[in-house]
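Visitor: I am new to this structure and would like to learn how to read it. Could you take me through its features one at a time?

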Amino acid sequence: GTMTSTAEFFEGAVKSGTMILISEIGDKTFFIAAIMAMRHSRATVFAGAIGALGVMTALSAALGWAAPALISKTYTHYLAVALFFFFGLRSLYESLLAWEGGGMQEELEETEKELGAKGKKTKTKTKTSAFLSSTVVETFVITFLAEWGDRSQIATIGLAASEDPFGVTLGGVLGHAVCTGAAVLGGKHMATLVSERAVAITGGALFVLFGTHALVTGVEE
């Protein structure tokens, strides 16, 4: 009945929300928003980034939701399980065994370089492309491209294959909103305060938990 569907909706929302929060803090898109917000209006940058992430999340959830219709639900279920374990264990491995330090600082510098190169190119354009290089559009496009094929996008597809797609979309967008909001408000400071290693360990553990949970509950008919 409606009760179970509401519960499923919230389960999807909570899972994707936590997953996004953990995989996006200190992620490339996070720094794109943080760096852009240092040069442009925070609201504009937030609008562009959240627009891109919203579209991305909805697309990914739709892909995940459609997948079981095209492929048997058993496959998509175990694919989701495999994804969780893969990302979870990789995150734990990187944070516990193969930690090279830096992490966020490096990601920040890399993103700054990329955006710096882009910034130089856009200055020579004419009025017609003023809209296209407008902050909202620029942030939207950069964010969208950075996020495409990112681990959180793949995880969103995997989640939506086994959870309520609307819940996954909502949770994902909310998670992104929190991350982007934080990035826009004080991304650089926050990056120096938050230990990426701690985030990676927590994220890895959560992913493994999600995977285990999915394994234990089995394929829902």
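Visitor: How many salt bridges does the structure hold?

Guide: A salt bridge is a side-chain nitrogen of Lys or Arg within 4 Å of a carboxyl oxygen of Asp or Glu. The structure holds two of them. Before we look at each, please note that this is a predicted model, where local features need pLDDT of at least 70, side-chain atom pairs count only at pLDDT 80 or more, and totals for chains, interfaces and linings use all residues. Residues are numbered from 1 along each chain as its sequence is written, and side-chain values use heavy atoms, with hydrogens and water left out.

Visitor: Which side chain meets Glu11 in a salt bridge?

Guide: That is Lys15, with 3.3 Å from N to O. Helices (H or I, at least four residues) and strands (E, at least two) are DSSP runs, numbered from the N terminus. Lys15 and Glu11 are four residues apart in helix 1 (residues 2-24), so about one helical turn separates them.

Visitor: Is Lys15 buried or exposed?

Guide: Buried means under 20% relative accessible area, exposed over 50%, and partly exposed in between (1.4 Å probe, protein chains only). Lys15 counts as buried because its relative accessibility is 8%. Glu11, at 29%, is partly exposed.

Visitor: Which residue forms a salt bridge with Lys15 at 2.9 Å?

Guide: Glu163 does, and 2.9 Å is the distance between the closest N and O atoms. This pair links distant parts of the chain: Glu163 is in the loop between helix 7 (151-162) and helix 8 (165-193), while Lys15 is in helix 1, 148 residues apart. Both Glu163 and Lys15 are buried.

Visitor: How many helices and strands does the protein chain have?

Guide: Nine helices and zero strands. Along the sequence, the pattern reads α-α-α-α-α-α-α-α-α. Of the 221 residues in the protein chain, 46% are buried.

Visitor: What describes two packed helices?

Guide: The angle between their axes and the distance between the axes describe them. Here, axes are lines fitted to C-alpha atoms, for helices over the stretch in contact, and angles run from 0 to 180 degrees between N-to-C directions. Take helix 2 (residues 28-39) and helix 6 (residues 135-147): their axes come within 9 Å and cross at roughly 160 degrees. Angles under 35 degrees count as roughly parallel, over 145 as roughly antiparallel, 65 to 115 as roughly perpendicular and the rest as oblique. Helix 2 and helix 6 are therefore roughly antiparallel.

Visitor: What are the values for helix 2 and helix 3?

Guide: The axes of helix 2 and helix 3 come within 9 Å, crossing at roughly 160 degrees. That makes helix 2 roughly antiparallel to helix 3.

Visitor: Which residues make the nonpolar surface patch?

Guide: Val55, Leu59 and Trp148 make it, with about 280 Å². Patches are made of residues with over 30% relative accessible area and no salt bridge: like charges are joined within 9 Å, nonpolar side chains (Val, Leu, Ile, Met, Phe, Trp, Tyr) within 5 Å. Accessible areas come from the Shrake-Rupley method with a 1.4 Å probe, and for residues only the protein chains shown count as cover. Val55 lies in helix 3 (residues 42-70) and counts as partly exposed, at 38% relative accessibility.
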